[in-house]
Amino acid sequence: MNFVGRVFNSVTDLYKDMHPGQISGANDIIVCKTAKGFHSTGFHARFGNVQSFKTSREVILTVNDRVVNVEARLDREGNVFFSFHNQSHPDHPLVNVPFKSFKMFIESDDNYAFLLSNYERIHECIRNRQYVFSECMFKQVVPNKIEEVFNEHRIKMFLGDDMVVIGLFEAGSPEIVFYMTFCLFSELYFCVERREGQRMYESNETDGVDGMNEKYTEKFLIKQLLRKRVRTEQSPDRRKREVYLPDTYIEKMHLVPGPNKTVYRLSGTPIFLTCNIYLWNETDKIIISDIDGTVTKSDIVGYIYGAMGKDWTHLGIAALYNKIVENGYKIVYLSSRPIGHIGFTKAYLERVEQEEQNLPAGPVILFPGRLLSAIYREMVQGPEEFKISVISEIKGLMSRGRIYAGFGNKESDRIAYEVCEIDPGRIFIVNTMSEISTGRKGIVKLTHCSLYDIVDGVFPPVGQL
């Protein structure tokens with residue numbers, strides 16, 4: 001046990017001593033132009049070792065060499081956020097925030113603040129057993145259609161599952177008012193039921209017990225449980241922190257189709273991060289590709305070789321991906337690597353060359369957190385949760401497009417793609433021998449070269465779809 005502790009401490013010390021540039025990075029952003037305006041994925045960027053900067057935490061955002069007039073700053077961990085004055089919310093906190101998955105919604109600061117401000121109503125809903133269940137955790141949410149999506153996936157039987165969303169309704173109306181995770185609901189439910197049980201026991205022992213005090217105690221406990229999940233910044237007199245920009249700001253960027261050079265510069269210093277904003281159409285067809293074990297031949301060796309500048313890539317992947325893109329599809333490179341590794345991840349992808357062909361350009365999106373957090377998510381929680389949330393977010397941008405296919409190398413990739421409703425016949429899982437399995441049971445076996453030979457059948461030109 002002591003040996004394990006020493007190893008962990010050594011790794012932690014090494015991580016702390018790393019140069020700030022090694023734990024800094026910015027994800028690429030996808031912006032989709034629709035009839036209702038511009039919508040985007042999150043502007044995730046992180047300046048590592050922020051304590052060593054000893055300067056202002058103001059960030060200047062420029063797109064195509066033009067400064068974007070938005071207030072951007074760093075939090076204590078070096079993450080970039082946009083600051084807006086809080087505005088009074090309508091009945092539901094997501095009505096004006098489009099295209100987020102249910103998971104992102106119910107775990108958002110806005111939703112927790114909304115629940116806290118209505119803790120008494122929530123107490124009554126739970127006490128009167130006014131709640132229903134839905135398997136919509138990773139479904140995208142459209143403004144004014146939250147309840148519609150929830151009801152579409154409602155279930156009658158529920159045995160306890162973290163993938164289920166709980167909806168609470170009030171007496172006299174079937175409309176769902178509050179949404180929460182099963183984990184939070186179970187805490188609140190146990191609080192109410194435990195106090196209810198105590199009250200019944202005490203009423204049998206003594207006469208005339210005042211139930212009002214017990215009722216207030218239940219409400220107080222619910223309020224305290226909800227308060228723990230709400231950050232101080234969410235109070236009405238504070239400014240709102242966001243990683244999403246409203247439509248009006250994106251419109252003023254004057255984006256052009258394809259990549260747009262984006263820079264986050266720490267004010268008063270020469271320190272900056274770069275990424276690209278990709279402007280796409282709402283009708284585009286998207287291909288998702290994992291990196292480790294999918295572009296590379298294996299997870300660990302490919303990761304190390306890529307960092308060392310060596311090639312460890314599946315033969316024929318460059319030709320296959322280029323042919324798919326030539327047929328009109330857009331490609332996204334998605335990985336659970338920490339965002340601080342995006343620099344050498346992009347360098348590796350750009351360096352791949354097979355028969356005078358490079359990999360096609362596309363947005364690169366990594367886990368927007370620290371190295372140790374990414375390792376924990378990969379080894380303990382499973383990488384599919386992060387990938388599902390990102391794919392759902394991208395899917396939500398494409399009101400008339402879709403996620404057409406996905407390439408991965410593990411069962412977790414298959415799970416993520418199936419949850420996001422990608423056709424099993426267009427889910428491609430690659431092993432270390434460069435063999436590709438597809439189909440619902442992975443029976444069909446291919447290689448990159450054989451898939452290239454039938455690419456027009458599997459990935460027909462988008463104009464023919």
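Glutamate 356 sits in the loop between strand S20 (353-354) and strand S21 (357-358). The model that shows this residue is predicted. Glutamate 356 has a positive phi of about 65 degrees although it is not a glycine, and at 74% relative accessibility it counts as exposed.

**Positive phi in loops**

- Most residues other than glycine have a negative phi.
- Aspartate 65 also has a positive phi of about 65 degrees without being a glycine.
- The loop that holds aspartate 65 runs between strand S5 (58-63) and strand S6 (66-67).
- Aspartate 65 counts as exposed because its relative accessibility is 71%, where the cut-off for exposed is over 50%.

**The sheet S12-S10-S13-S14**

- Four strands form an open sheet in the order S12-S10-S13-S14, and their pairing is antiparallel.
- Strand S12 (154-155) and strand S14 (176-181) are the edge strands; each has a single partner strand, so one side of each has no neighbour in the sheet.
- Strand S13 (residues 165-169) pairs with S14 in the antiparallel sense over 5 bridges.
- Within this part of the sheet, phenylalanine 169 stands opposite isoleucine 176 in S14.
- Helix H4 (residues 119-127) lies across strand S10 (131-134), S13 and S14, and runs at about 85 degrees to S14.

**Helix H11**

- In helix H11 (residues 342-351), the buried residues are Ile342, Thr345, Lys346, Tyr348 and Leu349.
- These buried residues fall within an arc of 160 degrees when seen down the axis of H11, so they line one face of the helix.

**Aromatic pairs**

- The structure holds 20 aromatic pairs.
- In one of them, the ring centres of tyrosine 131 and phenylalanine 185 are 4.9 Å apart and the planes stand at 65 degrees, so the pair is edge-to-face.
- Tyrosine 131 belongs to strand S10 and phenylalanine 185 to helix H6 (residues 182-205), so the pair ties together parts that are 54 residues apart in sequence.
- Tyrosine 131 counts as buried at 16% relative accessibility, and phenylalanine 185 counts as buried at 5%.
- Phenylalanine 407 and phenylalanine 459 make a stacked pair, with 6.4 Å centre to centre and 20 degrees between the planes.
- Phenylalanine 407 lies in strand S23 (residues 402-408) and phenylalanine 459 in the segment after helix H16 (455-458), so this pair ties together parts that are 52 residues apart in sequence.
- Both phenylalanine 407 and phenylalanine 459 are buried.
- Ring pairs link Tyr321, Tyr329, Tyr404, Phe407, Phe428 and Phe459 into a cluster.
- Tyrosine 404, one of the cluster members, has arginine 426 over its face, at 4.0 Å from the ring centre.

**Two buried residues**

- Valine 295 is found in the loop between strand S18 (285-289) and helix H9 (299-308).
- Valine 295 is buried, with a relative accessible area of 0%.
- The C-alpha atoms of valine 295 and asparagine 409 are separated by 9.1 Å, while the residues are 114 residues apart along the chain.
- Threonine 34 is part of strand S2 (residues 29-34).
- Its relative accessible area is 13%, so threonine 34 is buried.
- Not counting residues up to four places away in sequence, threonine 34 touches His39, Glu282 and Leu397.

How values were computed:
Residues numbered from 1 in each chain as written. Predicted model: local features only at pLDDT ≥ 70, side-chain atom pairs only at ≥ 80, totals over all residues. Heavy atoms only, no water. Buried < 20%, exposed > 50% of the residue type's maximum accessible area, 1.4 Å probe, protein only. Contact = heavy atoms within 4.5 Å. Pairing = 2+ DSSP bridges. Axes fitted to C-alpha atoms, helices over the stretch in contact; angles between N-to-C directions. Arc of directions from axis to C-beta. Phe/Tyr/Trp six-rings, centres within 6.5 Å; stacked < 30°, edge-to-face > 60°. Lys NZ or Arg CZ within 6 Å of the ring centre and 35° of its normal.
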